[in-house]
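Dear colleague,

I am handing over the structure below, and my notes on it follow. Please read them beside the coordinates.

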Amino acid sequence: MDTALISNKTKIIKSIFALGTDIHFIFYQSNFESAFDRAYKLILDMENKLSVFKPKSLVSKLNRYGSYIPIKVCPEVYNLIKKSLEYSKFSEGYFDITIKRLMDLWKEAKQKNKMPSKEEIELALTFSGSENIKLLPNYKVKLKNKVKLDFGAIAKGFVADKIREIFEQEGINSAIVDLGGHILTVGKKHDESLWKVGIRHPFKTRKDILGFLELGSTSVVTSASYERYFTIDGKKLSHIINPKTGFPVKDDIASITVVDTNSTFADAMSTALFAMGFKKAINFIQDSKTIEAVVATSFREIYITPGLAQRFTLCDSSFRIIKTNEVIVL
């Protein structure tokens, strides 16, 4: 769990396993059953549509046949692809749902315990790029250049936004959903105080907190490689692939946390920023003026945007806090 929860005393917890992770619903009011049931069904439904591991999912069907004929998808998947294309453009291509062939290449390399060749990586790169997705009328999608899609970097954010909609409809005003590294906060605590959401310490155990943010209704998403990684020929590699180079990200970033009321955006941006590497990520955050983030480095520095600085409490004094508007990174 990349992002931890510092909770209230009274709570009702419901847990499920889906989307490749343990998902915990934490309610602070009694009328939660209908909301939980609807959210549970939503998660299973979206997993059946978005999972590349399910041969009968919409995405698997699109990956199999989309390069030959237009494939009609449901409105949710169509809109998610549309959003993904927008975020790809916004992030200068560092967020990219078309890198499944690269992911498969590195998965195969892991199984063989052998690094892929430069030629194999270059070939996989030619079969990627958001320009190879064509959105057609009537919810149809056509893929070009044999690209294949993977929604692993955005699916949980999309689901979190849908869960928030359900909670609003059901009158849930005090709850948290932990989707494994993605925290969705709804309303406030029962005493009207803000939630305390902890950011896991990148160099210690799951239980250790680097610091915590005091927040209202929002989403908090952390990307890091300290837990999800793989090893090839003795080399520890990040699970996040740089879509520009085709290689796993290797940089001085220990973790990146993005906070935004739009969970889909936060999910996509945390991955994109991590893929950018430290220098470009900080400059991108500064230039965007809309991204709220906490960037922890391997040099025990925390770069934080001004909007979050007042809400953040550091729990490890060996780290130095630097506001992103007070630094120039060359």
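In which helix is tyrosine 65 found? Tyrosine 65 belongs to helix 2 (residues 58-65), where helices (H or I, at least four residues) and strands (E, at least two) are DSSP runs numbered from the N terminus.

Before going further, please note that this is a predicted model, in which local features need pLDDT of at least 70 and side-chain atom pairs count only at pLDDT 80 or more, while totals for chains, interfaces and linings use all residues. Residues are numbered from 1 along each chain as its sequence is written, and side-chain values use heavy atoms, with hydrogens and water left out.

Tyrosine 65 is partly exposed, its relative accessible area being 41%; here buried means under 20% relative accessible area, exposed over 50%, and partly exposed in between (1.4 Å probe, protein chains only). Together with Tyr68 and Ile69, Tyr65 forms a nonpolar patch on the surface, with about 370 Å² of accessible area for the three together. Such patches are made of residues with over 30% relative accessible area and no salt bridge, with nonpolar side chains (Val, Leu, Ile, Met, Phe, Trp, Tyr) joined within 5 Å and like charges within 9 Å; a salt bridge is a side-chain nitrogen of Lys or Arg within 4 Å of a carboxyl oxygen of Asp or Glu. The areas come from the Shrake-Rupley method with a 1.4 Å probe, and for residues only the protein chains shown count as cover.

Serine 91, in the loop between helix 3 (75-90) and helix 4 (100-112), counts as buried because its relative accessibility is 0%. Leaving aside neighbours within four places in sequence, serine 91 is in contact with Met269, Ala272, Met276 and Phe284, contact meaning heavy atoms within 4.5 Å.

Two residues other than glycine have a positive phi. Leucine 19, with phi near 55 degrees, lies in the loop between strand 2 (12-18) and strand 3 (21-27) and is partly exposed at 22% relative accessible area. Asparagine 138, with phi near 60 degrees, lies in the loop between strand 5 (133-136) and strand 6 (140-143) and is partly exposed at 49%.

With kind regards
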